[in-house]
Each structure stands twice: as structure tokens, then as C-alpha cells.
Amino acid sequence: MEQHSKSTKKKVVAVVGGGLVGALNACYFAKRGFEVEVFESREDIRHAKVVKGRSINLALSHRGRQALKHVGMEETIVSKGIPMNARMIHSVSGKWSEIPYGKKGQYILSVDRANLNKELLTAAEKYPNTKLNFDYKLLDWSGDTGAMTFARPDGSKEHITVDLIVGCDGAFSAIRKQFLRRSRFNFSQTYIPHGYLELTMPPNNGEFAMKPNYLHIWPRNTFMMIALPNLDKTFTCTLFMPFEDFEKITTGDEVIEFFQKYFTDAIPLIGVDALQRDFFRLPAQAMVSVKCSPYHIDDKCVLMGDAAHAVVPFYGQGMNAGFEDCLVLNEVMDQFNEDFSAVLPEYSRVRVPDDHAIADLAMYNYVEMRAHVNSKWFLFRKRVDTILHTLMPKTIIPLYTMVTFTRTRYHDAVKRWHWQDKVINQGLLGCATAAILGGSYLVIKYPPDMSNVTLEKMWSRVLALKTF
Ligand code: FAD
Ligand code: EGO
């Protein structure tokens, strides 16, 4: 069936970066029949002894799953994920309270990053029209000719030219450097004052040390800790804290003292020795938010995943958004018959507002949580969300639900959220007005006996109110 005539020969697509988004994207382009070359700077993680990387596990939700489904990978990944049906809020006093994410089928999944990446690389490699190239570090590419320059481990350089470059090389993208040199390219990058540290909570007597099917959260305003379960019955705890506070903790005793004050219940679960050791194993890692636009250069190059939009991890959406990028580009490819000169501008046009919206939402959660979210407020907010949704299931849908369990475009979710806020405020205003009117009516209809009321008595009552 294959045709080798020049006119029907499929174009060559280079996917730069074989991380989560690059590996999935390779499957998408391969499925369409393109000649796909993946270039990854690291060695093949499937054969590597130690895989260093950012977070050990991630929360996979609806958008990411839909994107995996399109290339037949959903089941493979979901079967190795651990459902988290609710958040478990840990209070300072050690009390645990759970709030479901939604109905029975609404859960997020804890997945292992390394396994996910390996499975996606293997899936990409199964297409006969895909080639994976490891130890290829992109140094730069020419905006004029499109030629890419790679560094090899032996110090040599290789120059490669293809029809389309897809930049999936992460938050510090080398592909993006060419964009920065161009006029009318918007770019912003913000490092937040917080860093993060990962700690392992081992199994207890061969079982999970805490209930496994939960996203465990310790909300302490500026200090936050979360824990996601792993298949080996460990939990990976991630502590988020300002760098300046990390710097204040320099000894094992200080670690315990700090945990004693804020995360008491976690000490015996992680173990004093492990805690003191792991806390200093790696320095706290930085988090960056990157926004830019447009995502393409002519018909030559497009940015996707973290390369286009690194978001802070306070919504659990970075990978999900990057996976959804692949799905959106695929939809545009159908619409415009794979004509890159039409596809790429349209992709930027439809995707930029949504990626910017999730970047803003993630930053909003960061600001909100560090400023006033302790365990009481967390529980209160989520309970109010649940009650309003139960009362008016069609009118009020919690923002977290829209973002996590639907494919509502991110920027539509934000719009709807603002609209719902107005509805809620008007509802409250309505209730207040009704209360005042109702109260006035009662006072007029049944006038209270004022004969015994002196000015002095009234004042003392007004002053007594202050104690509230
Ligand atoms: P990356 O995963 O960074 O992959 C980029 C790849 O490109 C790497 O393999 C790298 O080696 C390669 N590369 C880089 N430079 C070059 C070069 N010059 N040449 C060739 N190759 C190159 N997201 C979620 O959805 N849910 C979560 O729960 C979640 N939790 C997170 C927790 C933390 C602490 C952090 C930091 C992030 C979290 N994220 C989460 C976000 C998620 O990790 C990223 O959005 C996701 O990894 C982006 O994938 P990517 O493929 O675009 O980039
Ligand atoms: C009031 C209460 C305002 C990531 C609660 C805002 C994020 C925010 C980092 C959780 C869940 C997946 C996550 C909820 C809020 C992952 C997430 C949430 C964290 C931190 C995370 C929730 C990995 C914000 N989802 N979420 O509603 O359960 O609410 F706590 Cl620090």
C-alpha cells in the first residue's frame, strides 16, 4: 500500500525533546503518517540506571487521559495509575478530613513519571515511521534555513534539516531561543519565591502508611505539603516552601523541630532518620512560570508543552495541558488538511488563550493558597463548592471540576467561573435584601414596645455589639 512517489511522500517532522509531551506528540505525528524523528538530549531512560528528573509522580486527569486515548495509550497508563477519589486534608492538630472530588467516577490518578515517559517512548517507537535519537542535544537552529544543530556526547556536532520542528524541550526550551530573536514575540518568565522538596514515605508493615486513594494535603498557608501514592506502596511527599525558609533549616534537629510544628503526623510515617537524611539529599528545586505567544514561526516550527507554557504546579495541570496541546494540534491538522502554513497560525490562535488561562489559574492557586489557605479554610471552601453544586448542579460547577474533569476550554472555564461568582454574589445580595425587607415588614406590622427604651440603654447595647 505504501507509495513512494515524490508527490505523496510524507513530510519529515522533528520532535525536539523526548519528555512526556514530546513522546506523546511523536505518536500523534506518526499516526498521521509523517516521518518522525525524535531528538532527546538525555540517554534512553528505558536503559538508564538512575533517572533523574523532576517530580516522581504526577496527577493525571481528564484532559491528559483524553489525549492518551486518541493514540490508544489510555488503558496502559490508567491501569498503572492509582485513583485518588478525594483530598485528605491534614490539620495541624493531626485531624484528617476527606472531601470527594465529585461523583464516583470523578477521580484523578497518581502516575509514575518515569514509567509514563518510558511507555510513551515505546509506543512511539512501535510506529515504523518513527525514529528515536537519544544523546542529541539541540544547541540552536536557523530561523532562515530551519537547520538544527545538535551536540553529541563525543563533542561532535550534527546538522539536520526537516520540514517541521516541534519544540517539546521543556521550560528552558532551546528551540524557543530563535523565537526570542524575532519581532512581535511576547515572552514572560517568573520564578516564584517557593521551592520544592520531595520526600519518600515508606510502607508501614508492607502496607501504605496512609490511605492510598487520596491526594493528601497539608495546607499551612505559605508552607504546603502534598503526598501522592505510588504502586510500591510508598508515598511521594512534596513540600512547598519559600527558599528563605528552606535556608533557615540547616540541621537534622531543625528539620524535626519544623515538622513537629507544622506536619507532626507525618514524622512517624516518614521516619525521623529518613526525614533528616532525605531533607538534605537534594537542594530545594525552583519553579518557573513561562508565558509566550505566538507558538509558531511561519510553517517551520511550533512550541508545545512546557516549552510553550511552563506553569507552576499548584493546579496539577502542567502535563495535562501539554497533552491536551497534542490533541488540539491534531484537531487543527484535520481542519486544515495538514497544511502547516495554515495549521500553525490557527493552532497559536486557538491555543494561546487557553494555555495562558491555565498558567494564570495555577499562579492564582499559588497566591491564594499561600496567603490564606489553612486546613479550615480549605475544607470550608470545598464544602461551599460542593453544596452550591448540589443545590444548582447546572448553574454552579466548581472551577476545579471544570479544569480537572472536563475538556471545557481553560479560558471558558475562567469566564464561567467569573459569571458564577456574579450569580452567587447576586444570590447573597438577594438573601440580604429579603432579610432586611422581611425584618422591616415585621417591625412595622408588629411594632416593638419602645416605652421602656432609654437612649442610655440603647447605647450600652450598641457598645456591647463591639465585643463581637
Ligand atoms: P519535560 O517533561 O521537561 O520534557 C522536556 C524534554 O526535553 C526532556 O526529556 C529534556 O531532556 C529534553 N530536552 C531539554 N532540552 C533539550 C535540548 N536542548 N535538546 C534535546 N532535548 C532537550 N503536571 C500535571 O499535569 N500534574 C501534576 O501533578 C504535576 N505535578 C508537578 C509537580 C512538580 C513539582 C513539577 C515541577 C511539575 C509538575 N507538573 C505536573 C508539570 C509537568 O511536570 C510538566 O508540565 C511536564 O513534564 C511537561 O512535559 P514536557 O514534555 O513539555 O517537558
Ligand atoms: C481554596 C482551597 C483555594 C498541587 C483549595 C484553592 C490543587 C489545588 C499542589 C495540590 C487540588 C492535583 C496540588 C486542589 C484551593 C495536584 C490541587 C486544589 C496542592 C498543591 C494538586 C483541591 C497535584 C486549591 N490537584 N491539585 O481542590 O483538592 O485546591 F495542595 Cl500545594
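Helices here are DSSP runs of H or I with at least four residues, strands are DSSP runs of E with at least two, and both are numbered from the N terminus. On that basis the chain has 15 helices and 19 strands. This is a predicted model, in which local features need pLDDT of at least 70 and side-chain atom pairs count only at pLDDT 80 or more, while totals for chains, interfaces and linings use all residues. Residues are numbered from 1 along each chain as its sequence is written, chains are lettered from A and ligands numbered from 1 in the order in which they are written, and side-chain values use heavy atoms, with hydrogens and water left out.

The C-alpha trace of the chain spans about 105 × 55 × 40 Å along its principal axes. Of the 468 residues, 49% are buried; buried means under 20% relative accessible area, exposed means over 50%, and partly exposed is in between, with a 1.4 Å probe and protein chains only. Contact means heavy atoms within 4.5 Å. Among contacts between residues at least 6 apart in sequence, 71% join residues at least 24 apart.

The domain bounds come from an automatic or database domain assignment. Domain 1 is made of 12–83, 104–189 and 288–368, domain 2 covers 191–286, and domain 3 covers 376–463. Between the C-alpha centres of domain 2 and domain 3 the distance is 38 Å.

Next come the sheets. Strands of a sheet pair through backbone hydrogen bonds, either parallel or antiparallel. Two strands are taken as paired if DSSP finds at least two bridges between them. One open sheet has six strands in the order 8-2-1-12-19-18, with mixed pairing. Strand 8 (130–134) and strand 18 (296–297) are at its edges, and each has a single partner strand, so one side of each lacks a neighbour in the sheet. Strand 8 pairs with strand 2 (residues 35–40) in the parallel sense, over five bridges. Within this pair, Phe-39 stands opposite Asn-133 of strand 8.

Another open sheet has three strands in the order 9-10-11, and its pairing is antiparallel. Strand 9 (137–141) and strand 11 (157–160) form the edges; each has a single partner strand, so one side of each has no neighbour in the sheet. On average, neighbouring strands of this sheet are turned by 30° against each other, direction ignored. Strand 10 (residues 148–151) pairs with strand 11 in the antiparallel sense over four bridges, and Thr-149 has His-159 in strand 11 as its bridge partner.

Ser-293 and Pro-294 are joined by a cis peptide bond, with omega of about -5°. Pro-294 lies in the loop between strand 17 (285–293) and strand 18. On the loop between strand 18 and strand 19 (301–303) is Asp-298, which has a positive phi of about 45° although it is not a glycine. Asp-298 has a relative accessible area of 41% and is therefore partly exposed. Arg-184 also is not a glycine and has a positive phi, of about 60°. Arg-184 lies in the loop between helix 5 (176–180) and strand 13 (186–201), and with 78% relative accessibility Arg-184 counts as exposed.

The last topic is a pair of helices. Two packed helices are described by the angle between their axes and the distance between the axes. Axes are lines fitted to C-alpha atoms, for helices over the stretch in contact, and angles run from 0 to 180 degrees between N-to-C directions. The axes of helix 11 (residues 340–372) and helix 14 (residues 410–445) come within 7 Å and cross at roughly 55°. The two helices are therefore oblique to each other: angles under 35 degrees count as roughly parallel, over 145 as roughly antiparallel, 65 to 115 as roughly perpendicular, and the rest as oblique.

In this contact, Arg-351, Pro-353, Asp-354, Ala-357, Ile-358, Leu-361 and Tyr-364 of helix 11 meet Tyr-410, His-411, Val-414 and Trp-417 of helix 14. These residues divide into eight nonpolar, one polar and two charged. Ala, Val, Leu, Ile, Met, Phe, Trp, Tyr, Cys and Pro count as nonpolar, Asp, Glu, Lys and Arg as charged, and the others, Gly among them, as polar.

Helix 11 also holds Glu-346, which counts as buried at 14% relative accessibility. Apart from its neighbours within four places in sequence, Glu-346 is in contact with Val-332, Gln-335 and Phe-336. In helix 14 lies Lys-445, partly exposed at 48% relative accessibility. Lys-445 and Phe-134 are 311 residues apart in sequence, and their C-alpha atoms are 84 Å apart in space.
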